[in-house]
Amino acid sequence: MAGATELSARLIESLADAGALTPDWRPAFKAVPRHRFVPDTVWIEDGDRLVPVRRADDEAAWLELCYANEARITQVDDGVPAEPGQVGHEITSSASRPGVVASMLAALDAEPGLNVLEIGTGTGWNAALLAERLGAGRVTSVEVDPVLADRARHVLRNAGHQVTVTTGDGVLGHPERGPFDRVIATVAADRVPPAWAAQTRPGGRVLVPWATDFHNGALVSFTVNRDATMRGRIVGNVAFMRLRDQRGKRPRLARDVREVSNARRSFTEPHPYDVVGEYDVSLAVGLKVPRCKLVVQHQDDGAYTVWLVDPWSGSWASLEVEPGAEKFPVRQSGDRDLWQEVEDAYHWWDDLDRPTADRWGLTVTPQDQHVWLDAEANRIDR
Ligand SMILES: C[S@@+](CC[C@H](N)C(=O)[O-])C[C@H]1O[C@@H](n2cnc3c(N)ncnc32)[C@H](O)[C@@H]1O
C-alpha cells in the first residue's frame with residue numbers, strides 16, 4: 001500500500017510529464033501535500049447523487065482519492081446534505097483537479113514577492129501553494145462559506161502558511177489588501193466582477209474561469225489597463241463551479257420535461273454532435289443562447305438523446321440520435337424553440353468560419369462586459 005509521500009511523488013511526476021506542472025512550481029507542489037488540505041469526508045458521484053467516502057472507514061481509499069488527478073468534492077448542498085450525512089445533490093465546494101491547479105498557477109505568471117488575491121479558498125490547498133512560492137503575507141484569499149473559510153484558516157496556519165483568509169463575497173474582491181499584482185479566481189463567473197480589475201495594478205493579470213449556462217469551460221487571462229478596465233483572451237479549457245450568486249439552476253429532466261404529448265415535432269439534418277458536442281462550437285453556442293442547459297443521455301446501443309432545458313421558463317427540446325442516421329427527430333416544448341436557437345447559433349459560428357476558442361476575447365469595464373472576436377472592435381451581440 002503506497003503512503004502519502006509516494007502517492008504525492010507519483011502525482012507530481014505525472015503532472016510534470018503531462019506539461020501541466022512547470023519547473024518553477026514543482027518545489028511548491030513537493031512542499032505542500034494535498035492530503036493535508038482535503039477534509040476527512042469527501043463525496044463521490046453515484047448517478048445523480050453524491051455519497052460520502054470517510055477517511056475513518058478506509059484510510060487507504062481516501063488517500064488514493066486525495067492523490068488522483070481529479071477534482072475532489074469536499075462539500076455538498078452548502079454543508080447541509082439534502083439527506084443528512086448520507087446523500088447530497090449539489091456540489092458546493094471541491095479541491096480542484098491538480099492538473100488544473102498546476103496549469104492555472106503557470107498561467108498566472110506569479111513570481112515570488114507579488115501580492116496575490118485568490119477568490120474561492122475552498123480547502124486552502126491552492127492558497128498554500130501560492131504562499132509557498134510567493135512568500136509569507138503575499139496571499140489573500142476570500143471564501144464565501146464561513147465554515148470552509150474557518151477550516152482553511154486553521155489548516156493553513158497549522159501547516160505554517162501565512163495567508164490572509166477572509167470570509168465574504170469574492171465578487172467584491174478585497175480592497176483593503178490591494179492593489180494586487182495578480183488575481184486568481186478558482187470559481188467560475190459568467191459576469192466577471194469589475195472589482196477584480198479595479199483592485200489590480202495596471203499591467204497586472206486576472207485569471208478567471210468563464211462560463212455560460214450552456215458551456216462551462218474557458219479560462220480567460222486578462223491584462224488590467226490604467227482605467228480599471230481589463231481585456232483578456234481564452235487561454236485554456238477548465239470547468240469550475242459558479243460564484244454563489246451566479247449559480248443559476250441545475251436542469252432536472254424529471255422536473256423540467258413536461259407536456260411531452262403536446263411537444264412540437266420536426267426533423268433536423270445537421271448531426272447534433274456537430275452542433276453541441278465539440279468544445280469550440282459549444283463555446284460559441286453559449287455566447288448566443290442564454291439560459292439553456294445541455295444534458296446527454298446515452299443508451300447501451302450507441303444511441304443517445306440530447307436534451308436542451310431552460311429550467312427558468314420550462315422550455316425544453318430533445319433530439320434522438322441513432323448511429324448512422326441522417327435525420328434526427330426533434331421535439332420542442334414551451335415558449336422557446338430551444339433547438340432552433342441552438343441550431344441558429346451553430347450556423348452563425350459556421351458563417352464566421354468556425355472560430356476556435358483562442359480567437360474570442362472579453363473586455364470588462366466598471367459598467368459592463370463584452371465579447372469580441374480577434375480584435376476588440378469586432379464585438380459580438382449577445
Ligand atoms: C472549486 S472551489 C475552490 C478550490 C480551492 N481554491 C482549493 O484550493 O481547494 C470553489 C470555492 O469557491 C467558493 N465560492 C463560491 N462563490 C464564492 C464567492 N462569491 N466568493 C468567495 N468564494 C466563493 C465556494 O464556496 C468554493 O469553496
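This is a predicted model: local features need pLDDT of at least 70, side-chain atom pairs count only at pLDDT 80 or more; totals for chains, interfaces and linings use all residues.
View 1. On the side of the ligand nitrogens, an N or O atom in the side chain of glutamate 118 lies 3.1 Å from a nitrogen atom of the ligand, and a polar backbone atom of arginine 244 is found 2.9 Å from a nitrogen atom of the ligand. Taken on its own, the ligand has 600 Å² of accessible area, and the protein covers 98% of that area.

**View 2. The shell of residues around the ligand.** The shell is made up of 25 residues, of which Ser93, Thr123, Glu143, Asp169 and Gly170 come nearest to the ligand. Sorted by class, the shell holds 13 polar residues together with 8 nonpolar and 4 charged ones. Among the secondary-structure elements, strand E4 (91–95), helix H5 (125–134) and strand E6 (139–143) supply at least two shell residues each, and the largest share, 4 residues, comes from E4.

**View 3. The contact between the two assigned domains.** The domain assignment of the chain gives domain 1 as residues 4–237 and domain 2 as residues 253–351, and the centres of these domains, taken over C-alpha atoms, are separated by 33 Å. The contact takes 16 residues from domain 2 and 10 residues from domain 1. About 990 Å² of area is buried between domain 1 and domain 2, with carbon and sulfur atoms giving 69% of it. Within the area that domain 1 buries against domain 2, Asp213, Phe214 and His215 supply 72%, which is more than any other three residues.

View 4. Glycine 178 and proline 179 are joined by a cis peptide bond, for which omega is about -5°. Proline 179 belongs to the loop that runs between strand E7 (163–167) and strand E8 (180–185).

View 5. Aspartate 77 has a phi near 50°, a positive value in a residue other than glycine, and aspartate 77 is found in the loop between strand E3 (72–76) and E4.

Definitions and conventions. Residues are numbered from 1 along each chain as its sequence is written. Side-chain values use heavy atoms; hydrogens and water are left out. A residue is near a molecule or strand if one of its heavy atoms lies within 4 Å of it. A polar contact is a pair of N or O atoms within 3.5 Å; within protein, one must be able to donate a hydrogen and the other to accept it, and residues adjacent in sequence count only if both atoms are side-chain atoms. Accessible areas come from the Shrake-Rupley method with a 1.4 Å probe; for residues, only the protein chains shown count as cover. Ala, Val, Leu, Ile, Met, Phe, Trp, Tyr, Cys and Pro count as nonpolar, Asp, Glu, Lys and Arg as charged, and the others, Gly among them, as polar. Domain bounds come from an automatic or database domain assignment. Contact means heavy atoms within 4.5 Å. Buried area is the accessible area (1.4 Å probe) that two parts lose on being put together, summed over both.
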